[in-house]
Structure formats: structure tokens, C-alpha cells
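Please read it alongside the sequence and the model.

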Amino acid sequence: MARKFLYVIAVLIVLVILGAIALSIWSRQATEIAFVPRGEFVEQEPLAENAYQDPAMWYSRPGLGTDDPARYQPALAPVPEDSARETPSPQAPAAERGLGTSAPVLEPETSRRADPVEAEDIPDFAVFFVPPTSYIQAGGDWNASLEDGLTDDRARLFLRGMASAFNRADEIWAPRYRQAAVGAFLTDRPEAVMAIDAAYADVRDSFRYFLDSVDPDKPIVLAGHSQGSLHVLRLLMDEVRGTPISDRIAAVYAPGWPISVDHDLPELPFPACAAAGQTQCVLSWSSFADGGDPDFIMRRYSSTPGFDGEPRGEGPILCVNPLTGGTGGSAPASRNLGTLVPDETMTRADLVPEAVPARCDERGLLLIGDPPRMGEGVLPGDNYHVYDIPLFWANVQADVVERVRAWIDQRS
């Protein structure tokens with residue numbers, strides 16, 4: 001009987017191993033089957049010319065008050081009573097971080113700028129932030145509907161963790177748009193290109209309204225994440241390059257979208273940010289834990305064309321280290337001013353300093369040490385895509401102010 005039991009266990013172990021091997025081989029195909037839309041692409045009706053005059057077409061913009069997710073202001077994690085203890089990290093449970101049984105509730109978002117006491121020292125600037133993909137329904141349409149409440153809820157959640165890092169701006173604008181489905185970025189079907197182009201058309205319209213609405217002398221920061229970063233980069237090429245708007249761009253933050261050093265960067269009107277405080281430059285990074293497996297992402301990256309129309313191939317990805325503000329290099333966790341660590345419900349979090357390091361490797365990926373515990377959203381292969389900004393939330397907040405100040409100093 002014992003021998004039969006051991007035999008069954010051995011068979012189960014073999015099946016698990018074979019299953020893991022099969023998953024690694026066919027994971028790409030399985031992902032495409034699950035998330036790439038099966039239907040035909042349906043061309044969208046153009047938005048009304050004045051569509052973005054409606055405040056309901058914006059997740060974030062001046063005047064939204066407590067409904068504005070980009071004005072989310074986190075609280076700093078409490079200092080442990082035992083000062084000899086090491087700085088708390090995301091790997092530790094809430095109780096071990098001196099937070100009791102649960103993390104503290106974040107302060108409610110408000111319509112004010114962050115840090116009101118220091119507001120006099122913070123220059124006025126406007127941020128145009130394009131939200132990442134939140135339309136991830138399996139088997140859906142190629143583009144999200146503006147009536148899709150679930151996609152809207154996810155977008156607001158993402159903005160609370162990402163756009164809030166720019167909350168020292170006196171204006172933050174984040175448009176609603178009929179974004180391309182996540183499956184559009186997993187396939188070479190022509191419908192995918194049409195879906196991405198359709199989403200960009202909405203973003204372009206919202207950007208033009210934004211430009212008409214902000215003070216003509218105010219510096220502008222362009223930012224986004226993932227699909228939003230792609231649209232921001234297209235805005236740079238289509239709407240900014242060679243126009244008077246170009247002089248007003250203080251910096252561009254495009255994390256979560258792989259920018260080819262050889263085939264994308266030369267087509268942009270601004271170079272990569274080589275150092276902290278540099279203005280009119282581009283920041284981008286893609287976060288993985290040490291030992292993570294980026295194979296799926298790298299295969300898609302190498303097979304897709306760059307902005308110059310040529311395949312990106314095996315060339316390096318742009319990596320601007322968010323802890324140093326410059327391209328390449330490494331920085332210890334002690335340089336991290338604060339990681340936004342959510343609780344299990346993803347509705348509250350705490351800002352934990354010195355939580356993760358950052359190192360750009362030879363491929364251009366940003367490695368963050370051992371896998372930190374950040375809650376739901378970590379992708380297979382220890383891909384911390386969803387947390388590209390929250391991992392370095394406080395550093396991004398400080399970095400953008402430094403670059404805007406430098407932009408103003410240069411023009412004064």
C-alpha cells in the first residue's frame with residue numbers, strides 16, 4: 001500500500017513537471033488565445049470635435065476635486081518603535097513593518113497639490129498623463145468602450161499608483177480614451193495596428209484640448225505607462241516635434257514601453273536622460289526581479305518594428321535608472337526614497353523608504369533585486385511591469401520637480 005502511494009506521488013510530480021514545461025513552451029500561444037480578440041476590427045466613430053470639453057472625458061484634470069485619482073497622496077510608513085531595526089521592506093508582512101495587522105489607510109485624494117507647506121517652493125507645471133492598458137477582458141473587442149465601467153475602475157486604480165507620483169504639479173490631466181485591448185500587443189494581426197491607431201486618435205484629440213487649456217507659458221511634463229507611454233512617444237513625433245510646443249516640454253516619462261536605443265530613440269525629438277536634472281529628455285525603464293524571465297517580452301520586442309520601420313532585433317532597450325536619473329548604472333536600496341506598497345485589497349498602501357535597489361543590465365532591463373512582495377499584478381517571470389512607477393514613487397516625484405526647476409532656470 002505504501003509503495004502504491006509513493007508511486008502515485010511520483011506520477012503526480014512528473015505530471016507537474018511536464019505541465020510546467022508545457023506551460024513554458026506554449027505560454028505565448030495560450031496567452032494569445034485567451035486575450036487576443038477573435039472578432040473583426042470595428043472602426044470607431046470619431047469623437048465629437050468638442051468631446052474633451054466634457055469633464056467626464058477625463059480621469060484627472062483641474063477641478064475634479066475628490067474624484068481625481070491622480071491627487072492620491074500616500075502616508076509614510078510608521079517608523080518602528082525599535083529604531084535599531086532595519087528599514088521595513090515590501091518583503092515583510094504588515095505586522096513586521098510596524099503597521100499592526102494591516103497597512104495604514106492612505107489619505108483621501110484631494111484636488112490640492114501635494115505638500116501644501118512646501119507649495120511656494122514648487123514651480124507651477126502641467127502634466128499630461130496617458131493611462132496604461134486597463135482593458136484586459138479575454139475575448140473582448142479590439143478597443144474598449146467609453147461605457148466600460150470595469151476598464152474605468154482599473155484605470156483609476158492604476159492612476160492612483162502611477163499618476164499620483166506627479167502630484168506636485170498644479171495641473172494633472174489624464175484622458176479617458178478607447179484604449180486598445182491588451183491582446184493588441186500580443187499579436188501581429190493587422191487588426192492590432194488598427195486598434196492601437198484608433199486609441200491614439202483619441203489621445204491626440206485630448207492632447208490638443210489640453211494644450212488649448214493650459215497657460216501658454218507653463219512648462220509641460222508628458223508621462224504615461226505601458227500603452228500610455230507608446231501614445232506619449234507618438235505625440236512627441238506627431239504633435240510636438242518641430243512645433244513651438246517642443247520648447248515647453250520639460251521632460252518625458254515613458255516607463256513600461258521598451259524603447260529601442262537603435263531604432264526608436266533616434267526618431268524622437270529628445271535624447272535619453274543622461275543625468276538627474278537634465279531637461280527635455282526621455283526616461284524609460286522596465287522592471288524585473290533579479291533572475292526574472294523576460295523571454296516573452298523580449299521576443300515581442302525583437303520581432304516588432306521600431307519607429308524607423310526596421311525590426312528592433314536584439315539591440316538594447318533604453319534604461320534610465322529612476323534612482324539616479326541617468327542612463328544605465330546601479331543604485332542601492334538606500335537611494336530609494338519610497339516605494340508605494342499596496343495591501344492585499346489594492347485600496348490602501350504605505351510609502352516604504354529604502355525598499356528596493358535598481359540596476360540597468362546589458363539588455364536594458366531594470367533589475368530590482370529579490371522579488372519584493374507588491375500584491376496582485378506581478379506578471380509571470382517576476383515581471384514588475386504594473387509597478388514600474390510605484391516601486392520608485394517618491395524618487396519619480398522628486399525627479400520631476402528637479403527637472404522642471406532646471407527647465408525654468410535655463411529660461412530665466
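A residue is called buried when its relative accessible area is under 20%, exposed when over 50%, and partly exposed in between, using a 1.4 Å probe and protein chains only. This is a predicted model, in which local features need pLDDT of at least 70 and side-chain atom pairs count only at pLDDT 80 or more, while totals for chains, interfaces and linings use all residues. Residues are numbered from 1 along each chain as its sequence is written, and side-chain values use heavy atoms, with hydrogens and water left out.

Tyr253 counts as buried at 2% relative accessibility, and Phe166 likewise counts as buried at 1%. Rings of Phe, Tyr and Trp (its six-membered ring) pair if their centres lie within 6.5 Å, with planes under 30 degrees apart counted as stacked, over 60 as edge-to-face and the rest as tilted. This rule gives 14 aromatic pairs, among them the two edge-to-face pairs below.

| Pair | Centre distance | Plane angle |
|---|---|---|
| Phe166 and Tyr253 | 5.3 Å | 80° |
| Trp173 and Phe210 | 5.9 Å | 75° |

Trp173 lies in strand 3 and Phe210 in helix 3 (residues 190-213), so this pair ties together parts 37 residues apart in sequence; helices (H or I, at least four residues) and strands (E, at least two) are DSSP runs numbered from the N terminus. Trp173 counts as buried at 3% relative accessibility, as does Phe210 at 0%. Both residues belong to one aromatic cluster, whose members include Tyr52, Trp58 and Phe128.
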